[in-house]
Amino acid sequence: MRWLTDIEAGKVLCLHCRKLHPLSCRTCGRCGSALHQRRPHAIALSWSFSIASMIFLVPANLLPMMIVISFVGKDPATIMDGIIYFFQSGSYGIALVIFVASVFVPVFKVTVLIYLLLIVHFKWHERARFGLRLYRVIHFIGKWSMLDIFVVALMVGLVQFKGLATIVTGPAAIAFAMVVIMTMLATESFDTRLMFDTQNQT
């Protein structure tokens, strides 16, 4: 299947207000933004943010996410420690939420981003439409990426409220937040039209 792209139609789309203009226009007539045929430096930015997110994934999973301070001492816990603890204590729902939000979603987003970049790089024409569907999925779930941080913040509040112990966030929380930010920036930097440009080059 072959699509007519904006380049072939002689049009340029404003990325801010979505108004179509003739290819000769350089400034949007509606919102005044600069017009670009494709998002500037989209591939380089997406690669950079994706690689940065992969780097931050390591400390996010290996360093303590939270540290429980009680009368018996300090007990640091990583993300997997928390998942195992809640699973063994019978809180399967919380364990599932933490696993999905902290492990599955970040790894899935980074994997999809790398896959989309490979589609553009290697001109995998037949995979462009599937890649677009994956992009829509990771764009949608991006807003839920900070769910794990919310769970940790909720636990900190509950435990301190009951006076049982004190929980402080560990260094993994910062790394995890950076993973979320980097994947969001990589998603927003990626221009999905590049996959279809690849297809129309054949």
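Tutor: Let's begin with R38, which counts as buried, its relative accessibility being 13%. (Buried is under 20% relative accessible area, exposed is over 50%, and partly exposed is in between, using a 1.4 Å probe on the protein chains only.) Bear in mind that the model is predicted, with local features needing pLDDT of at least 70 and side-chain atom pairs counting only at pLDDT 80 or more, while totals for chains, interfaces and linings use all residues. Residues are numbered from 1 along each chain as its sequence is written, and side-chain values rest on heavy atoms, with hydrogens and water left out.

So what does R38 pair with? Its partner is D197: the two side chains meet in a salt bridge, 2.6 Å from N to O. (That term asks for a side-chain nitrogen of Lys or Arg within 4 Å of a carboxyl oxygen of Asp or Glu.) The idea behind it is simple: side chains of opposite charge can pair when their charged atoms come close. Now look at where the two ends sit. R38 is in the loop between β2 (20–22) and α2 (42–62), whereas D197 belongs to helix α8, so the pair ties together parts that are 159 residues apart in sequence. (Helices, H or I of at least four residues, and strands, E of at least two, are DSSP runs numbered from the N terminus.) D197 is buried as well, with a relative accessible area of 12%.

How many salt bridges turn up across the whole structure? The search finds 3. Another joins R193 to D191, with 2.9 Å between the closest N and O atoms, and both of these residues are buried. Then there's E126 with R127, whose side chains meet at 3.6 Å, N to O. In that pair, E126 is exposed at 61% relative accessible area, and R127 is partly exposed at 33% relative accessibility.

From there, step along to A128, in helix α5. A128 is buried, at 1% relative accessibility. Setting aside neighbours within four places in sequence, A128 is in contact (heavy atoms within 4.5 Å) with I119, M195 and F196.

F86 has a relative accessible area of 8%, so it's buried. Its C-alpha sits 8.9 Å from that of L96, which is 10 residues away along the chain.

Last, the cysteines. The structure holds 0 disulfides, a disulfide being a pair of cysteine sulfur atoms within 2.5 Å.

If you keep one picture, keep the one we started with: R38 in its loop, reaching D197 in helix α8.
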